[in-house]
Amino acid sequence: MNPETLLRLLKNMLRLRHMEELCAELYTQEKIRGFLHLYIGQEAVACGVLEHARQQDNVVATYREHGHALLKGITAKAIMAEMFGKKDGCSRGRGGSMHLYSAEQRFFGGNAIVASGLPHAAGLALAAKILKEDRISICFFGDGAMAEGEFHETMNLAALWKLPILFCCENNLYAMGTALNRYQSETNLVKKAASYNIPGITVDGMNVQEVYNKSKELFAFIKAEKGPFFVEFKTYRFRPHSMFDPDLYRSKQEISEWKVRCPIENFKKELFDKKILDLNMLKNIQQEIEIEFSEAVKFAEASEYEPIQDLEKDVYYENKLQRGPAPSTP
Ligand SMILES: Cc1ncc(C[n+]2csc(CCOP(=O)(O)OP(=O)(O)O)c2C)c(N)n1
Ligand SMILES: [Mg+2]
């Protein structure tokens, strides 16, 4: 890997970490409201995988998706305004943290319902296949999604129709407060994909270089029209599930053991040791990131809420009162 790529991976992980820490702060100030699920600890996965995504590729993610959205090209300004619920947000302030979206950047959510992104990714991949378009779907989901019916239905059709999809399971060992071995009869997740004839591998999701290198091979595999591929990234969220979670189901020791494997700190150290990075360079990177996000916050603050008159705009409903009473049955 060349030094530019290594430094870009580091910078992207630092951007994600900074954005998320800033969001946590803005949440306590009540500038961001509603649900907020942070990605801190898992950055190597999105950064390593999405380094290979092209503009024309589709990305679908979960409610822990702020970083994926940023890496797919939604600007920090449009993300932050969406977090604030303002009309200049990427979803016009109607989605919030869990529903970042941009058709232009081909980032199809931000999905609050566990596993709901999977059929969506399959539909996008099927469209590409029928239209003979050169694009693949990259679908991120949690381990918890693999206990849902939508996962199984999607895997079946993706394999049957040989759809161009990279299934990226971010296995952080928990679905909210429930540990994997308390809700899965089979904890070897690659086996589950194999039962649908979808090949799969497990990758260390705390190591950005490994994520990058393996993903490169997987993108090549899918582009060669060999069909879908499943990858389990073993990772860990350093923060609670959401801002409302007291985090009582994991031991402090377990959390601190995983923090030792921080994808950013270890990578930074390696780049320092190899003399690819020095303190001055790091300071410059950090300064650029601070500017990017302080401008984003200023933009979000200055943006307005949608006027109340627009409340029903784009909302579909059937006005039964205007239609009159239902006809009486004979
Ligand atoms: C269908 C459905 N069931 C339950 C929930 C409530 N819920 C929100 S997040 C979550 C846990 C999902 O865990 P996982 O897929 O492992 O993702 P992670 O939060 O660990 O990133 C649950 C059960 C939901 N949003 N959708
Ligand atoms: Mg999980």
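Modeller: Start with handedness. A crossing is right-handed if the near helix is turned clockwise from the far one by less than a right angle, and left-handed if anticlockwise. This model is predicted. In it, H1 passes H12 in a right-handed crossing.

Biologist: Which residues of H1 and H12 make the contact?

Modeller: H1 brings Leu7, Lys11, Leu14, Arg15, His18, Met19, Leu22 and Leu26. From H12 come Met281, Leu282, Ile285, Glu288, Ile289, Glu290, Glu292, Phe293 and Val297. By class, the contact of H1 with H12 has eleven nonpolar, one polar and five charged residues.

Biologist: What describes two packed helices?

Modeller: Two things: the angle between their axes and the distance between the axes. Take helix H1 (residues 3–28) and helix H12 (residues 279–302). They pack at an angle of about 45 degrees, and their axes are 10 Å apart. H1 and H12 are therefore oblique to each other.

Biologist: At what angle do the axes of H5 and H6 cross?

Modeller: At roughly 20 degrees, and the axes come within 8 Å. Angles under 35 degrees count as roughly parallel, so H5 is roughly parallel to H6. Their crossing is left-handed. Leu118, Pro119 and Ala122 of H5 meet Glu150, Phe151 and Thr154 of H6. That contact divides into four nonpolar, one polar and one charged residues.

Biologist: Now the metal. Which residues coordinate the magnesium ion (ligand 2)?

Modeller: Begin with the general idea. Four tetrahedral donors ideally give angles of 109.5 degrees, and six octahedral ones give 90 or 180 degrees. Here the magnesium ion (ligand 2) is coordinated by Asp143 (OD), Asn172 (OD1) and Tyr174 (O). The distances are 2.1 to 2.2 Å. Along the chain, the donors follow the spacing D-x28-N-x1-Y.

Biologist: Are Asn172 and Tyr174 buried or exposed?

Modeller: Both Asn172 and Tyr174 are buried.

Biologist: How exposed are Lys162 and Lys275?

Modeller: Lys162 has 45% relative accessibility, so it counts as partly exposed. Lys275 has 73%, so it counts as exposed. The cut-off for exposed is over 50%.

Note on methods:
Residues numbered from 1 in each chain as written. Chains lettered and ligands numbered in written order. Predicted model: local features only at pLDDT ≥ 70, side-chain atom pairs only at ≥ 80, totals over all residues. Heavy atoms only, no water. Donors = N, O, S within 2.8 Å, 3.2 Å for Na, K, Ca; no water. Buried < 20%, exposed > 50% of the residue type's maximum accessible area, 1.4 Å probe, protein only. Axes fitted to C-alpha atoms, helices over the stretch in contact; angles between N-to-C directions. Helix = DSSP H or I, 4+ residues; strand = E, 2+ residues; numbered from the N terminus. Parallel < 35°, antiparallel > 145°, perpendicular 65-115°, else oblique. Contact = heavy atoms within 4.5 Å. Nonpolar A, V, L, I, M, F, W, Y, C, P; charged D, E, K, R; others polar.
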